[in-house]
Amino acid sequence: MEKTLGFIGCGNMARAMMGGILAAGLLKPEEIVASDAYRTGLERAAQELGICTAESNKEVVAQARILVLAVKPQVYAAVIGEIAPAVEECAVVVTIAPGQTLARLEGQFGRAVKLVRTMPNTPAMVGAGMTALCRNGYVTDDEFDEVRRLFGGFGRTEVVAEHMMEAVVAVSGSSPAYVFMMIEAMADAAVREGMPRDKAYTFAAQAVYGSAKMVLESGQHPAALKDNVCSPAGTTIDAVAVLEKEGFRSAVMEAMSVCAQKARSM
C-alpha cells in the first residue's frame, strides 16, 4: 500500500513532525511509514503514534510518495547513496538538515530529483515550530503546497530563497537554545531574589512566550514594544541599560553569525 509520507530517521524531530501532522488531522497513522537504525526508538514511535514501520530505508522509499530525510547531515551522503537508485521520478524528497544545498543534493543523487529543502526547529514538538522551505525546479506548485501544508501541521511555515537558509538556521533552527539559556538565566536571577525555582521557570517562560506572541500579533516593531515597557526613570530602563552595557544584543548577533557560518560549512 502506498503511503503519503515516509521518514528515513525517526528521532526527536521526526517524531515531533509526525505528531503534529497527525494531531492536525492532515494524515492518518497508516499513511505514514518510517525506518531507523535505532529500532527501539522506531518501535516506540509506532506504539505512541500508530505509524507503520519498515525494515529498511529502501522499503520506505518504495512505499512513500513524499520522503523526508530526517537524519544528521553527516550521514546524508551515505543514505542518499543507498536509496538513490530506488527513488522514482514522481517522488518528492524533503530534507531537514543544515548545509545540504539543493545543488549538492542533486549531485549526490546523480540525476534529476524533486527536492524540497526545509529547516524546522524543535518547538515543533509542541506544535509551535517554525519552518522555512525552498524547492528545486522539478517540484510542481501542487507538490510544494502539499509539503508546506504538512509542515504547517506543527507550526508556522515561510517560503524563502535558498540563499537565506543559513540565516534561517541561525534565527530559528538553532535559536531555541539561545532562548532556553535566557529563560534559565532569568529563572536563576529570580531564585536569587527569593522565588522558588518552579515558579521562576514559569514566570520566565511565560514572559518570553507572551512577548513573542505580541511581536507576531501586534504588528508593532520590537523596539516600539520594548519602549512601551520602559517607563521614565523606571525599573525596566535600568535593566535595559545594563543589558546594553554588557553587550547583550551584540552577543546574540555574534552567536548567530557563527551559527550561520557553521551551517554553510556542513
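Select Ile8 to begin: not counting residues up to four places away in sequence, Ile8 touches Ser35, Asn57, Val60, Val61, Leu67, Val68, Leu69, Ala70, Val71, Val79 and Ile83. Contact here means heavy atoms within 4.5 Å. The model is a predicted one, in which local features need pLDDT of at least 70 and side-chain atom pairs count only at pLDDT 80 or more, while totals for chains, interfaces and linings use all residues. Residues are numbered from 1 along each chain as its sequence is written, and side-chain values use heavy atoms, with hydrogens and water left out.

Buried stands for under 20% relative accessible area, exposed for over 50%, and partly exposed for values in between (1.4 Å probe, protein chains only).

**Strand β1**

Next, select Thr4, which lies in strand β1 (residues 3-8). Helices (H or I, at least four residues) and strands (E, at least two) are DSSP runs, numbered from the N terminus. Thr4 is buried, its relative accessible area being 9%. Display its surroundings: neighbours within four places in sequence aside, Thr4 is in contact with Leu27, Glu31, Arg65, Ile66 and Glu146.

**Helices α1 and α2**

Now select residues 12-23, helix α1, together with residues 39-49, helix α2; the two pack at an angle of about 15 degrees, with their axes 11 Å apart. Axes are lines fitted to C-alpha atoms, for helices over the stretch in contact, and angles run from 0 to 180 degrees between N-to-C directions. The helices α1 and α2 are therefore roughly parallel to each other, a term for angles under 35 degrees. To inspect the contact, show the side of α1 with Arg15, Met18, Gly19 and Leu22, which meet Gly41, Arg44, Ala45 and Leu49 in α2. By class, this contact comprises 4 nonpolar, 2 polar and 2 charged residues. Ala, Val, Leu, Ile, Met, Phe, Trp, Tyr, Cys and Pro count as nonpolar, Asp, Glu, Lys and Arg as charged, and the others, Gly among them, as polar.

**Helices α7 and α8**

Move to residues 165-173 (α7) and 175-192 (α8), which pack at an angle of about 25 degrees with axes 5 Å apart. That angle makes α7 roughly parallel to α8. Val169, Ala170, Val171, Ser172 and Gly173 in α7 meet Ser175, Pro176 and Tyr178 in α8. The residues of this contact divide into 5 nonpolar, 3 polar and no charged.

**The loop between α10 and α11**

Select Ala233, in the loop between α10 (222-229) and α11 (235-245). Although not a glycine, Ala233 has a positive phi of about 60 degrees. With 83% relative accessibility, Ala233 counts as exposed. Pro232 is placed in the loop between α10 and α11 as well, and is exposed, with a relative accessible area of 77%. A distance can be drawn from here: the C-alpha atoms of Pro232 and Ala204, 28 residues apart along the chain, are separated by 24 Å.

**The whole chain**

Finally, clear the selection and view the chain, which has 12 helices and 8 strands. Its C-alpha trace spans about 65 × 40 × 30 Å along the principal axes. Of its 266 residues, 40% count as buried.

Terms used
Angles under 35 degrees count as roughly parallel, over 145 as roughly antiparallel, 65 to 115 as roughly perpendicular and the rest as oblique.
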